Amino acid sequence: MKLHSPAFSKALRGLLREARRASPALRRAMRRQRRRRTLAHQVPVAVWRLFFPLGAALLMLRVARAGLPLEADAAIVSIWFLWVSIVGSTVVRTQAARLPPALLNLPFAPADFTRLSRRRVLGLLWRPCADALMLFVVLAGLQAGGPLVWAAVPLLAGVCGVAVWAATVWLARFPPPRALQSMMAMLPLALIMGLQSHGVRVWLGRVLAEDACTLMLLSPGGWLAAAYLAGLGVLASPWILGAVPAVVLAASATYALATLLRHADAERELLTRWLGMRTEDAGFCDDEGESLSAAPVPPPAPDLAAVWQASLVAGASPGWIERVFLGWLGDRERLVLACITARVPSWTRLTRRSAQFLTFGVVLAWIGRWVPLGWHGLLVWVYGMALVIGLAIGLPLASGFDQLTGRASIYGLQVARVAMYPMRPIEFVRLTVKAALLRAGFMLPVVAVAGAALAVPWHVSPWALALGGAKLVFLSAAAAPCLCILALSAVSNDTQARFWRGGCLAGALIGGVLALLGLAAATLFAPAAWGCVAVVCFAAVAWGVAWTYVRAYDRGVFDLVRHAQG
Amino acid sequence: MSPGLETDVMQIELRQVSRRFRKMRALDQVSCEIAPGQLVAVLGLNGAGKTTLLRCLTGVVGPDRGQVLFDGRPLRRDNLAMRRRFFFLPDFPLLFWDRSVAHNLSIILRLYEKDDAGAPARAMEVLRELDLLALAGAPVGTLSRGQIHKTALAALMLVDPDLWLLDEPLSSGMDPLALSFFRRAAREATARGRTVIYSTQLLDVAERFADHIAVLHEGRLCAWTGLDALRAGSKDPANPLEELFRKLRETPA
């Protein structure tokens with residue numbers, strides 16, 4: 001179903017072309033008004049999406065090069081489609097239930113919503129099909145068989161795509177637990193990080209080699225891959241039966257879609273009714289006469305004086321870091337803080353949680369000394385992730401000032417709130433730096449102790465690890481001005497600044513960020529003396545980047561209003 | 001300056017202000033001087049440059065060429081004292097959505113350093129006039145468009161800056177009582193020496209509610225005149241603006 005009228009669009013385009021040809025003035029005006037399309041518009045989504053399964057394909061090639069059997073590759077296909085089904089189910093659910101707000105005001109029948117949803121969900125079918133085609137091509141290539149081996153690939157890819165799509169639709173209707181969805185969403189990141197460790201690579205290789213047959217059962221992609229390998233004689237012939245449940249699942253696709261759409265319709269009806277009630281309850285009325293004749297609302301006598309005297313920044317039960325932070329701020333800083341956050345972020349809780357994760361990681365690292373060698377890779381993976389998560393939530397990498405980048409979108413333009421009121425970006429930078437220093441101060445002993453405690457299982461000097469931890473904390477705090485500026489940059493139009501100054505600013509920012517990355521690496525890996533020099537340079541460059549940006553902001557080098565999609 | 005004006009008034013000057021957005025000329029060498037105590041209506045067809053002019057006056061958008069001068073000094077974003085002398089009420093106000101109406105007023109008044117002891121009493125009065133008292137405790141994000149606009153208008157009135165800048169306030173979804181209160185307050189403000197500049201498409205309103213008219217066409221300032229002078233030079237004194245716009249449309253670019 002099309003939302004527009006193709007015949008009308010075509011006719012209108014023709015008429016416009018004629019009018020343009022007839023009038024040079026109109027031609028000039030059209031040229032003047034032509035909007036440049038961004039790269040995202042120029043390159044179809046399909047092209048971007050095709051890059052996704054490349055990771056899995058590369059992993060399959062790497063596994064084959066490592067000398068693992070073909071079953072290991074089939075297991076990767078299975079895991080990939082499990083991930084696609086679970087993560088994709090959220091997309092399918094959204095597409096089925098989304099109610100385009102513009103249509104609410106138009107004469108659009110409920111049945112048309114259903115047709116529109118069906119079309120949108122069906123529009124996602126090509127994705128698993130394309131994935132399947134790519135992965136089965138790799139599988140066939142690894143087998144290096146004759147034409148028959150290749151001939152089966154398109155058919156298998158088609159069945160696999162439809163089966164996976166059906167599984168995704170079923171999962172959209174009956175969603176798995178949120179924890180499982182979150183874990184699956186994190187899987188690629190965990191995999192990429194885990195593969196950096198030799199122990200994890202060895203463990204993963206062992207699991208893929210020994211438990212490939214179990215892993216192949218995880219998703220329809222795995223069932224079909226197993227059937228394919230059985231057909232080629234790589235696996236025992238009973239595995240060919242794996243195609244049966246996949247075909248059955250593919251056959252259930254229509255029914256799955258109908259079930260999902262029925263459910264989405266019911267939800268949408270509830271939503272529409274709720275929206276209607278809400279509008280009536282709030283007394284929103286465009287009828288001026290009715291507004292005038294309405295009885296005056298008795299004032300509930302709000303205690304404005306109390307609002308005036310109360311602290312502008314609320315905090316349910318601020319922890320000690322938050323209390324120290326608020327005590328450190330002057331009146332003006334508290335006011336600026338109120339503009340960028342409704343309440344001080346719970347840094348104390350984050351620090352405590354970070355300490356818990358780090359402790360868990362350290363304890364697992366110590367336990368690792370008594371764990372059998374075969375399980376060591378898994379242990380390294382788990383405690384590695386615990387340490388990374390602990391550092392990520394504890395270090396002051398994000399300020400938590402949720403409204404720092406507050407903006408309003410209107411008619412395709414975004415305007416930063418910062419632009420509207422008498423405030424300066426340097427005030428935000430100062431606040432962010434103060435918060436970062438304070439958090440870093442509290443994190444420093446935690447990270448240093450965790451680093452020293454890891455020294456024994458890692459067989460390195462406790463002093464070196466404690467120092468490494470301290471460097472990490474320092475770097476995260478020193479990066480604060482630059483991170484604050486990058487956040488502000490997201491709500492300004494600095495990338496399209498006028499004249500050559502725009503190019504200079506962009507060059508300075510990109511150069512600054514690259515220099516920071518290089519200096520961070522030097523800080524962590526260079527010998528102690530050079531590391532100290534790099535630390536000082538890092539702080540200086542971070543401040544330099546912030547200073548350059550603030551100066552350009554103050555002098556009006558760029559606009560504070562930007563196109564929402566650009 | 002007419003007698004009775006407050007000493008804290010602002011002289012505004014636009015000197016050859018130009019601004020392009022890629023190939024589109026939004027403002028083209030706009031020059032004018034706005035004396036304190038004036039009520040200025042900025043008119044123009046869609047895309048004529050009205051909003052860009054207001055944004056240039058506030059520093060949200062910078063001119064490619066030319067200068068915006070307040071009391072003879074160029075506007076800089078880091079000059080907070082200068083920025084506190086104007087308040088821009090855009091087409092869609094930027095407020096703190098998760099805070100209440102009262103909290104929003106509190107924050108804005110403090111930013112403008114107008115949170116003196118009398119501020120709460122003044123706020124009560126303005127909220128009552130704008131029929132916002134009952135909503136004073138409601139988060140702004142839950143209000144209708146008109147109510148959000150009224151909240152921002154309340155903030156503007158309480159701040160009472162030297163320069164009021166409003167983008168299409170008369171088509172903002174505010175109810176008739178709020179609009180009439182705004183018109184009254186704007187007249188009183190100009191009597192105190194404040195300058196009020198607003199953009200609008202409503203010609204009949206502009207004819208009645210302005211001392212000075214600025215007409216923009218394709219970025220150029222085509223008319224910058226008092227209403228009496230405009231009427232005097234028009235063939236149709238009853239509808240001088242309509243006649244002007246008809247002429248503009250017929251004039252080739």
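A residue counts as buried here if 20 or more other C-beta atoms lie within 10 Å of its own. In this predicted model, buried residues by that criterion make up 36% of the 566 residues in chain A.

**Chain A as a whole**

Of the contacts in chain A with a separation of 6 or more, 78% are accounted for by residues 24 or more positions apart.

**A helix pair in chain A**

Next select residues 147–173 of chain A, which form helix α10, together with residues 243–251 of chain A, which form helix α15; the two helices pack at an angle of about 65°, with their axes 8 Å apart. As you turn the view, look for the left-handed crossing in which α10(A) passes α15(A). To see the contact itself, show the side chains of A:Val159, A:Cys160, A:Val162, A:Ala163, A:Ala166 and A:Ala167 on α10(A), and of A:Ala246, A:Val247, A:Leu249 and A:Ala250 on α15(A). Sorted by class, this contact of α10(A) with α15(A) has 10 nonpolar residues, and no polar or charged ones.

**An open sheet in chain B**

Now move to chain B and select the open sheet of 4 strands, whose order is β2-β1-β4-β5 and whose pairing is antiparallel. At its edges are β2 (24–34) and β5 (73–74) of chain B, each of which pairs on one side only. Helix α1 of chain B, residues 50–58, packs on this sheet and touches β1 (12–21), β2 and β4 of chain B, while its direction makes about 60° with that of β2(B). Zoom in on strand β4 (residues 65–70) of chain B, which is joined to β5(B) by 2 bridges and runs antiparallel to it; here B:Phe70 has B:Arg73 of β5(B) as its bridge partner.

**Two glutamates with positive phi**

Most residues other than glycine have a negative phi, and the last two stops depart from that pattern. Select B:Glu113 in the loop between α3 (101–111) and α4 (119–129) of chain B, where its phi is positive, at about 55°. Then go to B:Glu218, in the loop between β9 (212–217) and β10 (220–226) of chain B, whose phi is also positive and near 50°.

Which of the classes, buried or partly exposed, does B:Glu218 fall into? B:Glu218 counts as buried because it has 20 C-beta neighbours inside 10 Å, whereas B:Glu113, with 14 such neighbours, counts as partly exposed.

Notes:
Residues are numbered from 1 along each chain as its sequence is written. Chains are lettered from A and ligands numbered from 1 in the order in which they are written. This is a predicted model: local features need pLDDT of at least 70, side-chain atom pairs count only at pLDDT 80 or more; totals for chains, interfaces and linings use all residues. Axes are lines fitted to C-alpha atoms, for helices over the stretch in contact, and angles run from 0 to 180 degrees between N-to-C directions. A crossing is left-handed if the near helix is turned anticlockwise from the far one by less than a right angle, and right-handed if clockwise. Two residues are in contact if their C-beta atoms, placed from the backbone, lie within 7 Å. Ala, Val, Leu, Ile, Met, Phe, Trp, Tyr, Cys and Pro count as nonpolar, Asp, Glu, Lys and Arg as charged, and the others, Gly among them, as polar. A residue is buried if 20 or more other C-beta atoms lie within 10 Å of its own, exposed if 12 or fewer, and partly exposed in between; C-beta atoms are placed from the backbone. Two strands pair if DSSP finds at least two bridges between them.
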